[in-house]
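I opened the notebook to look up a few local backbone and side-chain features. The entries follow in the order I checked them.

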Amino acid sequence: MAGADPGAHIGELLDRLGREAGPRARETADELVRSVVEFYGEGLARTVRLLRSAPAGSDPLAVLTADELVGDLLILHDLHPDDTMTRVGQALDKVRPYLGSHAGDVEVAGLAMDAAEGPTLRLRLRGSCDGCPSSTQTVRWTIEEAVARLAPEIAHIEVEGVAEAAPAEQPLLQIQPRPPDDTPGPPPPSAVPEPPHWHTLAAPALPAHDRTTRVADIDGNALLLVRLPGNLYAYRDRCPGCGADLRTAPLDGEFLSCAGCAARFDVRHAGRGEQAHLEPLPLLEEDGAVRVALPELLGAGP
């Protein structure tokens, strides 16, 4: 198409589609083209803004790759300076502090870019989720989100070692960067939680100092945020034992004590208690921003 007018060619293709597939297909194609143009237009606008506001002497590529949308465009056109494995490593580095409270650590077991189902990443977790299904699920979602943001070309993720006590024949935990509603998994369809919705929390909603708590409201859901040295944790604001909220629960070191039933929960280790676990929520801290996920299961339970 050297020397051709791309706009005219696109118009010709749209006209041909309208003739061959009908007006409804043409309308859908027009909407698709508009969406693609808006996507690239926003990418170009961000590129200009980022380069104009970049500090003198800064690396232009580093400035551009720090932006998620522009970085995605660079990946799409094979222009990103970091290869897939490097970006996967960066994503895992972001979640390691969070995984330390749930699953210990994570390492790459393999990356198959030419897998039949699309680029497939194999990860291995070391440690356990303390027998807590909610903790296992938050680990899944947190890894999924971190990898999707920095390595969106990954189509599938397989994770080994979600729990130390799992039998050898247990199927691997399957993760996709953007899992469809029919993502396969061991539980029956009615028990599979919906993918979470991620929200960014501004500084006023966060605990300001170590060993303090704050309750944030997102979409009518109360989240208990606990800041301990080195990490921020998010839990559903409800005691699993008596159902009382935990916003007035005293924090003794790394343990929360329910004001209603006096049950104690280990904040740093997935909210585990002697009889029950708090409900942990996926959380990512990156570049000064805090993002937390609200799974559909957040409102469930007594």
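Is A262 buried or exposed? I found A262 exposed, at 56% relative accessibility; the cut-offs are under 20% relative accessible area for buried, over 50% for exposed, and partly exposed in between, with a 1.4 Å probe and protein chains only.

I noted that this is a predicted model, in which local features need pLDDT of at least 70, side-chain atom pairs count only at pLDDT 80 or more, and totals for chains, interfaces and linings use all residues. Residues are numbered from 1 along each chain as its sequence is written, and side-chain values use heavy atoms, with hydrogens and water left out.

Backbone entry. I looked up phi for A262 and got a positive value near 70°, in a residue other than glycine. A262 sits in the loop between β10 (255–257) and β11 (264–266); strands are DSSP runs of E with at least two residues, numbered from the N terminus.

I then went to D219, which is not a glycine either and has a positive phi of about 55°. The loop that holds D219 runs between β6 (212–218) and β7 (221–228). I recorded D219 as exposed, with a relative accessible area of 61%.

Ring entry. How many aromatic pairs does the structure hold? I counted 1 aromatic pair. F39 and Y40 form it edge-to-face, with 5.5 Å centre to centre and 80° between the planes. Rings of Phe, Tyr and Trp (its six-membered ring) pair if their centres lie within 6.5 Å, and planes under 30 degrees apart count as stacked, over 60 as edge-to-face and the rest as tilted. I have F39 as partly exposed at 34% relative accessible area, and Y40 as partly exposed at 29% relative accessibility.

Notes: Helix = DSSP H or I, 4+ residues; strand = E, 2+ residues; numbered from the N terminus.
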